[in-house]
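Me: I have a structure open and would like to go through the words used to describe it. Could you set each value against its definition for me?

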Amino acid sequence: MNKAIIYIVILFLFLPVSKALGSNTAYVSFCINTDRNCYVSGDIAFFKLYGLIKSNPVKEQTVYVDLVSRQNDFISGVILKMRNGLASGYIEIPDSLITGKYKLRFYSDQSKNLESPFLSQKTIYVSNRFGKNEPIYKNDLQESENETDSTQPLMENEFCKISTLKDTFRCREKVSVGIDISDKAAFDTLWSSITVKPYNKNEIRFASDSDNENQKITAAEFQKQNLSKPGITLRGQLVYKSTSNIVKNAVVFLSFNDSVFRFQYSMTDNNGEFCFHLNHYTGIQKVYLSAFIPYNLQPLLNVQFNIYPNFIKSVNQQKPNDEIVTYRASVDTFNVEKAIITKAFQSRLTNHLNLPERDSNLWAQKYFLGDKTHVTYPAEYVNLPDFVSIAKEILPFVRYRKNGSKGKLFINDGESDIVRENPMLFVDGVPLTEVELIENRGTDKIREIDVRWRPRVFGDLLFQNGIIMIWSNHPDFWDLNTSKYISVYNLECYQPKMVQQYPDYSKASQHNLPDFRQTLYWNADIKVAKGQPASIDFYTSDEVGTFEIVLKGMDENGEPVTVSKLIKVE
Amino acid sequence: MMTYLYKKIQFLLFALLLSFAALAQINCTEEYHNQQLTGDVYDPYFNDYNGSPFFLNTTFIGSVKLSSGEIYKDLKLSYDLYKDDFVYFNEALHGWILIDKDIITEVSLVDDKNRHYKIIRDPLKQATGNDQFYFELFTGKVTLLMRKEVHINPALDNSLTDNKMGSFFEKTNYYFIYNNEIFMVPATKKKLIAYFPELKKDIKKYMAVNKIHLKDKDHLKALFEKISSLL
């Protein structure tokens, strides 16, 4: 009996204590909504992602959205920052896609470890505008027959109503839509997206319940898996170029060519792996990677940074040698010709927003150097043609010596008269080992030189020989020079925000442009609460017919809500 | 036979549960993270003086909270009262590092007798340039702080026989924060009451009954707890 007690005590010692465990039975619901179900190649698909939890708000996390073929071949992907369980974005549908079904799916770095890594998936249909249709294999025939009857009734929700002043509108007429939640509804708040798209019974429709593969993960599992970690992870392995052997216990610097200091470091582990977390960056960022020995910060040569891809890029699975029976016809609902006309007139309705990109790494910006011993602005002195003269004439305690083709920097510690060789040199925020490359930069090219003559500690790094930072007037140094110690990598960061611009026919400015918008309106950020109705306005296009206003969202309990209404344009 | 079987089942069950627990721990492993404590290599200047500039002349296991909100736990720390700075032992660099003062907002220390100390910087949280560390003794409507300082008593020429340039000595002062202002605890009861005129009678009575001494840490803690409860 005593032994049993001892076993139990030991067991409890080993058990990880987590506040997520216990009676927490709440779950996180994941879902993906799109502005349409069918697209023409070259279109932009807009989508909204949900990851809502009842018990407490989902923290910030990074999610990956990719477009894959039916065979799960990766086509393209975007990275989004999900805040409070909500994110929205867009994905361009390439013209190279053949007509057929595709999937949009999303996942996070952490959910990749789950048995089912995709938090939600949605099938979309793409019609190639140049007539490149998907082959129908013999084995596909059964599935093809099943797809023919998939019309779906309108979705009603007695607790959420979409209202318009009338049901029939003229072309280019303003439509005002109200969205309200009934007092009797079981939920108080609804986060949703709204879309206005052509309605046609012949459209291949994808019922949200059957075609959307949405996950529900318990809150305990969510916290256990730490699924809400923010930031884009840049993970890779450091290897020697010649032997491909891993480099253990080295330090990898990640820096940016910029006018402010953006720096991170990572120690490689026993597998030679390094890892960086980047937050707040958008678009494609050029990052500079270099490796050093940690204790003396001597640069490592002939090493290679093998960066791991963030997206789940499946291996292309070729169809087996199956017989092609025919090619799938373009049976999508909307008019491909009109979509092509729209593209021909380049009446694109979206614009990228210029967001600030460098609001992270403030820590390195503020504290990397500590107290600078000298800050020099060479332009305030006499004009000097090169760095040799600048060091000699302007920089106190810095000396540049040339030995053959090699250059060498020294710092004379003004307090103790110790001469330190090879201080760490950064040019426009990037470490430079071949100091002779700065030789021809004169006062016209150098804006500022910061010197720290004393040793400096940044985390687990000791810059024993001091630090010199050179900032250019125009950060073109790294465009003109390359270092054999540095590898440049284009890192895909968060998708830049896009704003939609819809025609405003109250003004006469766009009178002559044809308007065959496939989606009349899309808004991914509609929040409706009890007593706080929402409203939207849009103009109808030149397209006549029936349009469907669809509101899809999730309530605070993580339950999906869908409601729609038809309007006619004559 | 039954006992043997029971023991065997018991052991197998235990082994199974233990393996689950171990797996759960593997899943919970944090991703590697590089620490961002910044500072300078610590210069052991104190060897030139008699005595010690360190709080309780010892090292503590403690945590440091940075202005970024990040908390570093289980650090080997010492509080240099002369420089009013914290030093920590960096395992990777095998050396003592003087932590940049302006990155710290709070330090927690635990000594070998399991006594806890909370030390804060800029107690008014106004970034007013008040770069001094204070021990937080009590927080309430009135917050009681303690500040320990070490100064150097320079050696006279004739005492330089031990090659020491002087000796350290320690001073302790108490402060309180009231209405978002910081005041030194005065030496006399009368001056203290002047800060709380509406509590004059209560403070007088409390101090008389409990024989409060204004230089005693525990007495001050009790007194300011009382004042906070009365406000």
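Me: Why is Gln264(A) called buried?

Reply: Buried stands for a relative accessible area under 20%, exposed for over 50%, and partly exposed for what lies in between, with a 1.4 Å probe and protein chains only. Gln264(A) has 15%, so it counts as buried. Keep in mind that this is a predicted model, in which local features need pLDDT of at least 70, side-chain atom pairs count only at pLDDT 80 or more, and totals for chains, interfaces and linings use all residues. Residues are numbered from 1 along each chain as its sequence is written, chains are lettered from A and ligands numbered from 1 in the order in which they are written, and side-chain values use heavy atoms, with hydrogens and water left out.

Me: How do you know that the buried residues of α3(B) line one face?

Reply: In α3(B), residues 200-210, the buried ones are Ile203(B), Tyr206(B) and Met207(B). Seen down the helix axis, they fall within an arc of 95 degrees, so they share one face; the arc is that of the directions from the axis to the C-beta atoms. The face turned away carries exposed Lys201(B), Lys205(B), Ala208(B) and Val209(B). The buried side packs against α2 (189-195) and α4 (217-230) of chain B, where contact means heavy atoms within 4.5 Å.

Me: How does the span of α4(B) compare with what is expected?

Reply: The expected span is 1.5 Å times one less than the number of residues. α4(B) has 14 residues and reaches 20 Å from first to last C-alpha, close to the 20 Å expected. At its start, a side-chain oxygen of Asp216(B) comes within 2.9 Å of the backbone nitrogen of Asp218(B).

Me: Which residues of α4(B) are buried, and what makes them one face?

Reply: They are Leu220(B), Leu223(B), Phe224(B), Ile227(B) and Ser228(B). Their arc, seen down the axis, is within 135 degrees, so they line one face of α4(B). On the other side, Asp218(B) and Ser229(B) are exposed. The buried residues of α4(B) pack against β9, β10, β11, α2 and α3 of chain B.

Me: What makes a set of residues a nonpolar core?

Reply: Its members are buried Ala, Val, Leu, Ile, Met, Phe, Trp, Tyr and Cys residues joined through side-chain atoms within 4.5 Å. The largest one here has 76 residues, and Phe253(A), Phe263(A), Phe368(A), Phe196(B) and Phe224(B) touch the most other members. A second, separate core of 27 residues includes Tyr64(A) and Phe118(A). In soluble globular proteins, nonpolar side chains tend to be buried together.

Me: How many residues of each chain are buried, as a percentage?

Reply: Buried residues make up 53% of the 570 residues in chain A and 41% of the 231 in chain B. Chain A has eight helices and 39 strands, while chain B has four helices and twelve strands.

Definitions and conventions:
Helices (H or I, at least four residues) and strands (E, at least two) are DSSP runs, numbered from the N terminus. A polar contact is a pair of N or O atoms within 3.5 Å; within protein, one must be able to donate a hydrogen and the other to accept it, and residues adjacent in sequence count only if both atoms are side-chain atoms.
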